[in-house]
Amino acid sequence: FKGGDTCEYLLSSGRFLGEKVWQPHSCMMHKYKNSEAKNCLIDKHIVFIGDSRIRQLFYSFIKLINPQVKEEKNKHGNIPFEDKSASIKVDFLWYPEVNGSMRQRIKSWTEGSMAKPHIIVAGAATWSIKIHNGSNEALTQYKINITSIAPLLEKLAKSSDVYWVLQDPVYEDMLSESRKMITNEKIDAYNEAAVRILNSSSRNSKAKVKVFSVSKLIAQETIMKSADGLHLPESSRYTNAMILMNVYCNKIMKPIDGSCCQPQPPLTLIQKLAFCFFTLSIIGYLIINLIHRNNFRKNKSCTDLESGEEKKPAVSTPNASTLEMLLHSFCKLGLIMTYFYLCDRANLFMKENKFYTHSSFFIPFIYILVLGVFYTENTKETKVLNREQTDEWKGWMQLVILIYHMSGASTFLPVYMHIRVLVAAYLFQTGYGHFSYFWIKGDFGVYRVCQVLFRLNFLVVVLCIVMDRPYQFYYFVPLVTVWFMIIYATLGIWPQIVQKKANGNCLWHFGVLLKLICLLTCIYFLSYSQGTFEKIFSFWPLSKCFELNGNVYEWWFRWKLDRYVVFHGMLFAFIYLALQKRQMISEGKGDPLFSNRVSNVLLFISIASFLTYSIWASSCRNKTECNELHPSVSVVQILAFILIRNIPGYVRSVYSSFFAWFGKISLELFICQYHIWLAADTKGILVLIPGYPVFNVLVSTFIFVCVAHEISQITNDLAQIVVPKDNSTLLKRLLCIAGFFSGLLLFSAMQDQSRH
């Protein structure tokens, strides 16, 4: 790790991802929209001073504020621009040579009452080379002139952002006869002189003129696309303007996907308290461990010399072992959370933007499918959607979703639509699994509810505290939590109808169907009544859980996108369990699910439906329109997959242990990826090993999977302690948890007040 300021990297180094996407070294660059640019530059005055190349940069910059601006080419004069709505003034001042005139203009800003610009972008050299025919005398004069200007720029840099733009290389073969004397050798000499003089001046001053040298690297890759061999193509100018915007605006706007030039956020009060808690847990565990070791040495089994009997060591009490397990879990969790914080909050590790190519998604996708098929084993049971099969299903879906996020494949609509089906399939399993449990077991006790809620939410609550993120930020967990409570309420309210009761009287089945119809009606009503939905979740303290960026729109969007699929999962579970009870399906090992004729027809329909959906999803042209249809049609591919996977007996009798292993930790994988595999809250990629992309992915993936597995174990251990089966103890724990969240809300309110 080289350390240093990411602003320096942004201004001096980087590489192209593909043909047009610029990746700064070590940090992420945000793509500013017009509205964001205006918000950042409101009441600001920016000046571009120099030659025709600086004029090009000026036009690219103001187009980020107003894309409708028309460019006046070959105008050798000053050009003003003003956006009255945001009180932004951007001026281009025509000074093609570094000479006395430029010095006088810069000096006027340092003296007298003239208002200083907030940003100054300067640069010139090619005119000096051209006018003086590339003579050495001109270079000497250039050095003298820039030496006289440097102290003035340093003086301005104390109150303004000052950038000196180095000269881009030229494409000598395309230069006209009048410009043939502008060679890359001459340009390098002028750049070297400018850098040496400006750096020498900055060493004697606290303020610093920022050297904009990254444009040279961009030009080296793109100058051959220039129209005249001297001026950059429009895409390169746009990249330079966006870099300038990132350098100035990132520290003001603080975009999530713009890590360049952003300072490390200060620790909040809640983060400091969490740090103290984990530190005390580590110290407590070490003390208890030390005491146990000393006791073990004292009571170590030894043979009594007289009797020849062995003395057994003292057995620790259950309370002591519970306390030790609790501290041990928090000790490990504290170390893991430190790694989370270092990866995605401290400016310790590098971050890079995502860049999608078909190969970056499909090659890993094919690779993990081959691996999954390789690890094929026989299932312990051959029922439809048995535990091993559902773990396998969760596992391969989660791995595909991880590849989708890492590769940035959301920009490719066919892949996006298929990934939406995978997310819907998770929610389908939520409906299927919880309905099946309540229907078969009839267990509506508090213990069951608390166990599920704890396992779903523990990691997310810890991350909300440590990473200073709202609960809704980890959208999938709020989604499955709310749907679990809806399923519980639907089946738990009077009359409670379970399988045992329904077997005694078939009319109870109609009661369940009536409940499901009522649920569907409520979903339909809320999906077309955004105002009612937002009012429900805008009440305090629900609003603290479901607001993101000050409103619940994101929660509304996420809920609406898969609003019917949980209902579909519940209905499928009801129909399947009814058919199973009446022995209308065959689930023996190797047996088809139905008679051969029915199985073949259903299998054909399923394959046709599966392919039809894929063809439709691949032909999508508008994300908004396809998202509107998705809630109603996603169930087609889900049901088709279930039937294809379960109708043939030999397919139902095997599973992939590789996928099933990942399926058991799928929730932890989904949440952990936000901060220790991806970066900048999933907007970028974490870089532990710069310069070796494949090796970096291997190392970061290994750590990521190990951490997810460890957190799964910690959650299971803590669930046994925090959510005991004894009702009186459970009630005490629930009161403690209520107190914890009340304190959290209080501290959160204090934080919000201090921020405002």
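Colleague: Which side chain meets Arg15 in a salt bridge?

Modeller: This is a predicted model, in which local features need pLDDT of at least 70 and side-chain atom pairs count only at pLDDT 80 or more, while totals for chains, interfaces and linings use all residues. Residues are numbered from 1 along each chain as its sequence is written, and side-chain values use heavy atoms, with hydrogens and water left out. A salt bridge here is a side-chain nitrogen of Lys or Arg within 4 Å of a carboxyl oxygen of Asp or Glu. At 3.0 Å from N to O, the partner of Arg15 is Glu352.

Colleague: How many salt bridges does the rule find across the interface of domain 1 and domain 2?

Modeller: The chain is divided into domain 1 (6-253) and domain 2 (349-723), with bounds that come from an automatic or database domain assignment. Across the interface of these two domains, the number of salt bridges found by the rule is one.

Colleague: What area do domain 1 and domain 2 bury between them?

Modeller: The size of an interface is often given as the accessible area lost when the parts come together. Buried area is taken here with a 1.4 Å probe and summed over both parts. Of the area between domain 1 and domain 2, 61% is on carbon and sulfur atoms, and the total is about 860 Å².

Colleague: Which residues in domain 1 lose the most area to domain 2?

Modeller: Together they account for 54% of what the domain 1 side buries, and they are Leu17, Ser26 and Met28.
The contact as a whole (heavy atoms within 4.5 Å) takes eight residues from domain 2, and from domain 1 the number is eleven.

Colleague: In β2, which residue is the bridge partner of Phe16?

Modeller: Strands are DSSP runs of E with at least two residues, numbered from the N terminus, and two strands pair if DSSP finds at least two bridges between them. β1 and β2 pair in the antiparallel sense over four bridges, and they form a hairpin with three residues between them, where Gly18 in the turn has a positive phi of about 75°. The bridge partner of Phe16 in β2 is Trp22.

Colleague: Which side chain meets Asp83 in a salt bridge?

Modeller: By the salt-bridge rule the count comes to 16, and one of these pairs has Asp83 at 3.5 Å, N to O, from Lys38. The pair links distant parts of the chain, 45 residues apart, with Asp83 in strand β4 (residues 79-83) and its partner in helix α2 (residues 34-41; a helix is a run of H or I with at least four residues), namely Lys38.

Conventions: Buried area = accessible area lost by both parts, 1.4 Å probe.
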